[in-house]
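Here is a short tour of a protein model, written for someone who likes to know the cut-offs behind each term. Have the structure open and follow along.

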Amino acid sequence: MAANRLPDGIGAQAFGAACDELRGVVGKQWLIRDNEQHLNSYRDSYTPGDIEANAPSAAVAPKDVAEVQKILAIARSYKIPLWTVSTGRNYGYGGAAPRKAGCIVLDLKRMNRIIEVNEKHAYAVLEPGVTFHELYQYLKKRNIKLWPDPAAPAWGGVVGNTADRGVGYTPYGEHFTVQCGMQVVLADGTVVETGMGATANASTRNLYKYGHGAWVDGIFTQSNFGVITQMGVWLLPEPPGYRPYLVTFPEEDDIHQITEVVRPLKINMLISNAATTVGLIWEAAVKVTKAQYYTGPGVMPDSARRKMAADLNIGNWNFYGALYGPDSIMDNNWKVIKDSMSQVPGAKFYFAEDRKNDTAFDYRAKLMRGIPNMTEFGLLNWLGPGSHVDFSPMSPVTGDGALQQFHFMRDTCHAHGIDYIGEFLIGWRDMHHVLMLVFKRDDEGHKHAVNELFEVLVNEATLKGYGEYRTHLDHMDKIAGTYNWNNRALARVNEAIKDALDPDGILSPGKSGIWPRDERKG
Amino acid sequence: MTTRRGFLISTLALASTPVVARGATLGTAPVVRIITEAICADTRNFARHFGIHSGNGEDSAECLFELERELIDNKLDRIFGLTRASTQFLVQQTAASYGYQTTYQGQHQYESEQLTHSLEGSRASIDIAAKRLTHHDGAWAAELADAMSVLGDSDALSEQRVFTLASDIPNDSSRHLVSWMLRSVS
């Protein structure tokens, strides 16, 4: 049971004493150890593996930087590892659960102040507990004409998502690109301001990212070198006009031509937002379930796929983008975009008025306009009570690359009896190819198949030169191991930083494959 | 007695309303929030039982965050729902942080002109619910809604009852729904 788990090498008595000290810092209510159900919210209920492998020993929720510093001091004193989360809603990648069983979860959800919104310069300064929903509501209630750039689930934390290099769908898209200024507490309790924030009376802390000298913000993302306690994020000024659109394409192999058409439009910023090319099942599954079209074993046959596509009036690929700006600019951009995409045989074009009461269009239109929502979770009903892990390799924005990656991922999925549910998120010069591996939560055989499939996908992708940008707890070591050029030179840099900044190894051991000195293998 | 406090609903959004469980004495009656979705005839039957109607087109996120505010304010004794499994997960995860746990859950699956109910909970509660679901006139979701008080008495997922009935599959059915009761244990 989670309540009885202890950190490695820590006896029950010492752990109890440490918990007493932590309780003294945060108050009884915010040290969670004995209420099993509450602690269960810090376990990875979506895992396809063994839930005990990532079970925490306790969770502690500080309210401010001073409490974070005191918690770190206690962790150092007892050599108890902490696992930092902002809101812990990163399901599919592990939720709030630690990489290593027995860690105490350092839950920053109570640090949820929106410290500043600057309408003139279009930025916000946030604590890590602020969700996309809360930021959106804050702006809306005050009639501030700035948009956040939400990830698909509204309950995700802005800071945590940015630190994990998540993406949104407005013109800003890649969250870390629009991050500016950070406050970090190091393992020894030192509070660091990065970039311009390190100057006295900083007037450009959240306006210019880099300051002077080495720029360190990046080392605090997807890592375990410090605890981010504040972050500046740029917000998008509300444009004078907004028109979301959908273009459907009939054939699977159209992904080649779609991608070739999209690249110049994106690079030249005629497609100005983080657009997506969405596969058939991803698009359909927020509206229907597999059982409505196919109840046999294995993957959905082509005949059922075509029937579903026809019923829902969607394509094998579905491109979502949006136009922003005054009508004259939107009209001109649309003419170029439509002309270009019309080169793909069978392309069909839709605006909002053509897709009324269409759940999939509605939630995409909201996301591209900065409105957080929870609709995408509906995808997980595809097989009944479902969970997912995501395989997310990067792809160049080329037809050959997209088609090769799609073929290999689809065919590998199908060989394991699992439907391909994927989408391409189009960034500045890349595509995040997100494959959602949906499985039945109560089916051990299905979980096993997904785990086996994941291994094959990673190995094959590595051989083909595709690295993953983000992964589930259980696969962090494996993915980190693929970044091994020149005798693990990058990994050795990470380890040197870890040893210098966190010699006791108390911060998030194993995050992104970065382990403290004593726990490194090989 | 139903005390509606507005509801939030759209095609896939949650609809919810707090009610006082019937049969309880005034003053000690547990406050129950009902959560459902306007996705098919079954969930609409469930909603209708509590007087919930299609509303103002808000996203399910609104309902979820409203629920969280109520949990923070410690206003609810139970949360009762008939939804898709993904929505159950969202509510469970939200409520778990405030000391709520699942004390009853049911799966309702259509397949090959049959409807299989799989109920888990305390023996007395699921026996009564199973009996009512076996003898319904097609509107099983309304029977389930009417059994809220007995399902609210369930305190653990200790027993299971599985039974299959002949049934047409409603045209708009997603084939699979879940019902559930969360109770505060803190």
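In which sense do β3(A) and strand β4 of chain A pair, and over how many bridges? They pair in the parallel sense over 4 bridges; strands count as paired if DSSP finds at least two bridges between them. Please keep in mind that this is a predicted model, in which local features need pLDDT of at least 70, side-chain atom pairs count only at pLDDT 80 or more, and totals for chains, interfaces and linings use all residues. Residues are numbered from 1 along each chain as its sequence is written, while chains are lettered from A and ligands numbered from 1 in the order in which they are written.

**Chain A overall**

- Chain A holds 14 helices and 19 strands; these are DSSP runs numbered from the N terminus, with helices being H or I of at least four residues and strands E of at least two.
- A compact globule of 522 residues would have a radius of gyration near 24 Å, and the 23 Å of chain A agrees with that; the radius is taken over C-alpha atoms, and the globule rule is 2.2 Å times the number of residues to the power 0.38.
- The C-alpha trace of chain A spans about 70 × 55 × 45 Å along its principal axes.
- In chain A, 55% of the 522 residues count as buried, meaning that 20 or more other C-beta atoms, placed from the backbone, lie within 10 Å of the residue's own.
- Of the contacts in chain A between residues at least 6 apart in sequence, 73% join residues at least 24 apart; a contact has the two C-beta atoms, placed from the backbone, within 7 Å.

**Sheets of chain A**

- β3(A) and β4(A) belong to an open sheet of 4 strands in the order β1-β2-β4-β3, with mixed pairing.
- The edges of that sheet are β1 (31-32) and β3 (82-85) of chain A, each of which pairs on one side only.
- Another open sheet, with antiparallel pairing, has 5 strands in the order β5-β6-β10-β8-β9 (chain A).
- Here β5 (114-118) and β9 (191-193) of chain A stand at the edges with a single partner strand each, so one side of each lacks a neighbour in the sheet.
- β5(A) pairs with strand β6 (residues 123-126) of chain A over 4 bridges in the antiparallel sense, and Glu116(A) stands opposite Val125(A) in β6(A).

**Strand β13 of chain A**

- This strand (residues 276-279) is covered on both faces: Thr276(A) and Val278(A) on one side and Thr277(A) and Gly279(A) on the other are all buried.
- β13(A) pairs in the antiparallel sense with β14(A) over 4 bridges and with β18(A) over 3 bridges.
- Val278(A) has bridge partners in both: Asn318(A) in β14(A) and Glu423(A) in β18(A).

**A helix pair in chain A**

- Helices α6 (residues 254-267) and α11 (residues 399-415) of chain A pack at about 145 degrees, with axes 7 Å apart; axes are lines fitted to C-alpha atoms, for helices over the stretch in contact, and angles run from 0 to 180 degrees between N-to-C directions.
- Residues of α6(A) in this contact include Ile255(A) and His256(A), and those of α11(A) include Leu403(A) and Phe406(A).

**Where chains A and B meet**

- The contact takes 24 residues from chain A and 23 residues from chain B.
- On the chain B side, α3(B) gives the largest share, 5 residues.

Terms used: A residue is buried if 20 or more other C-beta atoms lie within 10 Å of its own, exposed if 12 or fewer, and partly exposed in between; C-beta atoms are placed from the backbone.
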